[in-house]
Amino acid sequence: MKKTNFDRYLEEQLQDPAFAARFERAGEAWDVALQIAALRQQAGLSQTDLAKLLKTSQQQISRLESPGYEGHSLSMLRRVAHALDARVRIVFEPTATGNEKRVAEYAAKYGAKRAAAKRK
């Protein structure tokens, strides 16, 4: 596929580490927004309906579904998940920097370590 001017521009901008970090953070916010909106729509709810369930405003639901919003609290995400019959799962992944001094592990299935300890 032929690259567009935007593709070339984006590749150039991604060479800047600060831009690349902002771009990745924006992608994370976009993922959250899309998931909330999709779950709400699958439940057949409008933003106003979901707001009533959560005892908040439609504007707050709109903010949560906005890709530019980064003020999500874990407690609000849990409330939204509960109302939409879902669960919140947050995964921290080590970065691929080549720095061997990292202590983070790849995410294990929830409860896997506890279950392994019980088997011993």
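## Overall make-up

The protein has six helices and zero strands, and its pattern along the sequence reads α-α-α-α-α-α. Of its 120 residues, 17% count as buried. Among contacts with a separation of 6 or more, 42% are between residues 24 or more positions apart.

The average pLDDT of the protein is 82, and 77% of the residues score at least 70. Confidence is highest in α3, at a mean of 97, and lowest in helix α6 (residues 112–119), at a mean of 60. Where pLDDT is low, the predicted coordinates should not be read in detail.

## The nonpolar core

The largest nonpolar core has ten residues: Ile36, Leu50, Ala51, Leu54, Ile61, Leu64, Met76, Leu77, Val80 and Leu84. The elements that give two or more residues to this core are α3 (47–54), α4 and α5. Valine 80 is one of the core residues. Apart from neighbours within four places in sequence, valine 80 is in contact with Ile36, Leu54 and Leu64.

In α3, the buried residues are Gln47, Leu50, Ala51 and Leu54. Seen down the axis of α3, these residues fall within an arc of 105°, so they line one face of the helix. Lys52 and Leu53, on the other side of α3, are exposed. Lysine 55 follows α3 and has a positive phi, near 55°.

Helix α5 covers residues 74–83, and its residues Met76, Leu77, Val80 and Ala81 are buried. They lie on the same side of α5 because they cover an arc of only 135° around the axis. Arg78 and His82 are exposed on the other side of α5. After α5 comes aspartate 85, whose phi is positive, near 55°.

Glutamate 65 lies in the loop between α4 and α5. The cut-off for buried is under 20% relative accessible area, and glutamate 65 counts as buried because its relative accessibility is 13%.

How many salt bridges does a search of the whole structure find? The search finds one. In this salt bridge the side chains of glutamate 65 and arginine 40 meet, at 2.5 Å from N to O. Glutamate 65 is in the loop between α4 and α5 and arginine 40 is in helix α2 (residues 17–42), so the pair ties together parts that are 25 residues apart in sequence. Both glutamate 65 and arginine 40 are buried. Side chains of opposite charge can pair when their charged atoms come close.

The side chain of glutamate 65 also makes a polar contact of 2.8 Å with the side chain of glutamine 47. Not counting residues up to four places away in sequence, glutamate 65 touches Ala33, Ile36, Ala37, Arg40 and Gln47.

## Glutamine 60

Glutamine 60 lies in helix α4 (residues 58–64). Glutamine 60 counts as buried because its relative accessibility is 13%. The side chain of glutamine 60 makes a polar contact of 2.8 Å with the side chain of arginine 63. Leaving out residues up to four places away in sequence, glutamine 60 touches Tyr69 and Met76.

| Side chain | Partner side chain | Polar contact |
|---|---|---|
| Glutamate 65 | Arginine 40 | 2.5 Å |
| Glutamate 65 | Glutamine 47 | 2.8 Å |
| Glutamine 60 | Arginine 63 | 2.8 Å |

## Glycine 27

Glycine 27 lies in helix α2, the helix that also holds arginine 40. Glycine 27 is partly exposed, with a relative accessible area of 29%.

Note on methods. Residues are numbered from 1 along each chain as its sequence is written. This is a predicted model: local features need pLDDT of at least 70, side-chain atom pairs count only at pLDDT 80 or more; totals for chains, interfaces and linings use all residues. Side-chain values use heavy atoms; hydrogens and water are left out. Buried means under 20% relative accessible area, exposed over 50%, partly exposed in between (1.4 Å probe, protein chains only). Helices (H or I, at least four residues) and strands (E, at least two) are DSSP runs, numbered from the N terminus. The arc is that of the directions from the helix axis to the C-beta atoms. A polar contact is a pair of N or O atoms within 3.5 Å; within protein, one must be able to donate a hydrogen and the other to accept it, and residues adjacent in sequence count only if both atoms are side-chain atoms. Contact means heavy atoms within 4.5 Å. A nonpolar core is a set of buried Ala, Val, Leu, Ile, Met, Phe, Trp, Tyr and Cys residues joined through side-chain atoms within 4.5 Å. A salt bridge is a side-chain nitrogen of Lys or Arg within 4 Å of a carboxyl oxygen of Asp or Glu. pLDDT is the predictor's confidence in each residue, from 0 to 100.
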